[in-house]
Amino acid sequence: MKDYRLNTETPLIMHLDLNSAFASAEQQAWPNLRGRPMGVTNRISPECCVIAASYEAKALGIKVGVRRSEAMALCPDFILLETDPTKYTFMYLNLLRIMKSYSPNVKMKSIDEGIIDFHGLGKLTAHDLERIGLDIKEQMRRDVGKWMRLNVGIGPNRFLAKMAASLHKPDGLDVIDHKNVIDMYKSLELEDLTGIADAFGSRLRAHGIYTPLQFLEANDELLRRRVFKSINGLHWYERLRGYEVDDYETHLGMVGRQWVVKRSSNDDDYLRSCMHYLTETTGMKLRYRNVEARGVCVWVRFSMGGGWQDKKMYKSTFYTNQDIWERVSRLFDHRPKHMVVQMIGIYLYQLTPSTRSQMSMFDDVQKADYLTKAMDEINDFYGSFTVFAADTLTGKRNVKQKIPFGGTEYFELLLKRV
Amino acid sequence: MDPTIEINERVDVIAVYHRQGDIASVCVPCKMRWRGKDIELTELALRHPTVAGKRMIHVFHVSDGTNGYRLEFDAEALIWKLVALIPELP
């Protein structure tokens, strides 16, 4: 047999993925929706998108991102519910609690998937991890409900564990190690590999790599110098063999918030209030991550198509809600005000670690810091937006709490506030 | 499309509190009187907590085998409310 220089260590990484998480949570809560094509969306509107679809809906071609009208055309009986964040919070907390009972090395990748690293926890075999995987599935069924199905993947690195978790959906449990990884590659297409989408697939094919097995057989020089033209090539070389290259902390580049305007409008008061509300939640996120920003960007998308954006960098950093809003409102006022707005957003960039622990020489800076700290403490204790700018009242009524899909940091903040 | 019917009415509820069991199953609503009609609840599908401001609310998703109901128990005022239902679907 050919020597692929595979990692032969015992697989000790477990990837857990809740199947069609939000849709499953709704089907768990509403028994008469089980077995039916259904999905959830943030807010029902004529052109809203499905953000999670049940397995029955996926079988009919209704996937995440499909518009309501398309979904109805594919299946006239399709049921669409609005999201209920408290259910998903409950589901997330249960999954996290169960995972943490097995290892302190737990990392949630998003609201519905996470990783347990079993390194350093005594001598464990792949069989032990399989048993733990089955236990976790059982606990989720017991503590949340029998409709909650979990895919479990076990592998020597994060990549292979995730691949294993995607092999048999729903409710699968697979182990990938040096003994069966070649067979797995033989059964897959390039785009089935996590992290290889159309662009990377085309790039690989342009260099004569048409299958995952050929990808594995490609040497590191070819991948690094010609295919990826970066260190990424070497990372892929290692990753495919089961060596860990994905265990790193991501760098926080920006924080922000966007919102599809509930009723498309060019009403300045309404839009300003909603933008102010987004600014307050962005400030909340900024301080939670313990960073300060130097840059601010405000953008708008129009109902007629097209958009507008403006950004500005400042010499000094800022983090209080007042400072952020002062900068945002100045930019926002320059937008073409006659245009009807469909979507608004804000992000802060050029983030640096917070210097709030340092005393300022200037009295007013110190006062603003104390005020912000006091407001954050009140909101932490009594719940988000117990104290808020009066101007955000309209925004607060209209902007719904979003379901964070990427990192779980904002979600953790919301949980803390609850 | 969205078959949920919002109700938001106070209801009479008989719940069984089990001596043993975890939080998911210790309190089980088993009968409800709504608009003069008695409804036997046969399945506790999901229970989860939430808050309304500072008030603790326990949400119970239950079913009578045909319809699904969302009941909420206000832990401060000790009242049960039928918040929404999804009727039998064709």
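Two strands pair if DSSP finds at least two bridges between them. Strands themselves are DSSP runs of E with at least two residues, helices are runs of H or I with at least four, and both are numbered from the N terminus. With that in hand, take Val296 of chain A: its bridge partner in β11(A) is Lys312(A).

Before going on, some bookkeeping. This is a predicted model, in which local features need pLDDT of at least 70 and side-chain atom pairs count only at pLDDT 80 or more, while totals for chains, interfaces and linings use all residues. Residues are numbered from 1 along each chain as its sequence is written, and chains are lettered from A and ligands numbered from 1 in the order in which they are written.

β10(A), residues 291-302, and β11(A), residues 307-318, are antiparallel and share eight bridges. They make a hairpin with four residues between them, and Gly305(A) in the turn has a positive phi of about 105°.

Next, the sheets. In general, strands of a sheet pair through backbone hydrogen bonds, either parallel or antiparallel. Chain B has an open antiparallel sheet of five strands, in the order β1-β8-β7-β6-β5. Its edge strands are β1 (5-10) and β5 (43-52) of chain B, each pairing on one side only. From one strand to the next the twist averages 20°. Nine bridges hold the antiparallel pair of β5(B) and β6(B), residues 55-63. Within that pair, Arg47(B) has Phe60(B) as its bridge partner in β6(B).

Chain A has an open sheet of three strands, β3-β2-β4, with mixed pairing. β3 (52-53) and β4 (79-82) of chain A are at the edges with a single partner strand each, so one side of each has no neighbour in the sheet. Helix α1(A), residues 21-29, packs on this sheet and touches β2, β3 and β4 of chain A (contact means C-beta atoms, placed from the backbone, within 7 Å). Its direction makes about 115° with that of β2(A); axes are lines fitted to C-alpha atoms, for helices over the stretch in contact, and angles run from 0 to 180 degrees between N-to-C directions. β2(A), residues 38-41, runs parallel to β4(A), with four bridges, and Thr41(A) stands opposite Glu82(A).

Where do the two chains meet? 19 residues of chain A are in contact with 21 residues of chain B. On the chain A side, the elements giving two or more residues are α1, β4 and α4 (85-100).

α4(A) also packs on helix α5(A), residues 126-143, at about 145°, with the axes 10 Å apart. Asn94(A), Leu95(A) and Ile98(A) of α4(A) meet Ile136(A), Gln139(A), Met140(A) and Asp143(A) of α5(A).

Last, the inside of chain A. Among the residues Met14(A) touches are Leu129(A), Val152(A) and Ala161(A). Ile115(A) is 101 residues away from Met14(A) in sequence, yet their C-alpha atoms are 5.6 Å apart.

Ala161(A) belongs to helix α6(A) and is one of its buried residues. Eight of the eight residues of α6(A), 158-165, are buried, so the helix is largely enclosed by the rest of the structure. Those residues pack against several elements of chain A, including β1, β7 (150-155) and α11 (231-240).

Notes. Two residues are in contact if their C-beta atoms, placed from the backbone, lie within 7 Å. A residue is buried if 20 or more other C-beta atoms lie within 10 Å of its own, exposed if 12 or fewer, and partly exposed in between; C-beta atoms are placed from the backbone. Lists of a residue's contacts leave out its neighbours within four places in sequence.
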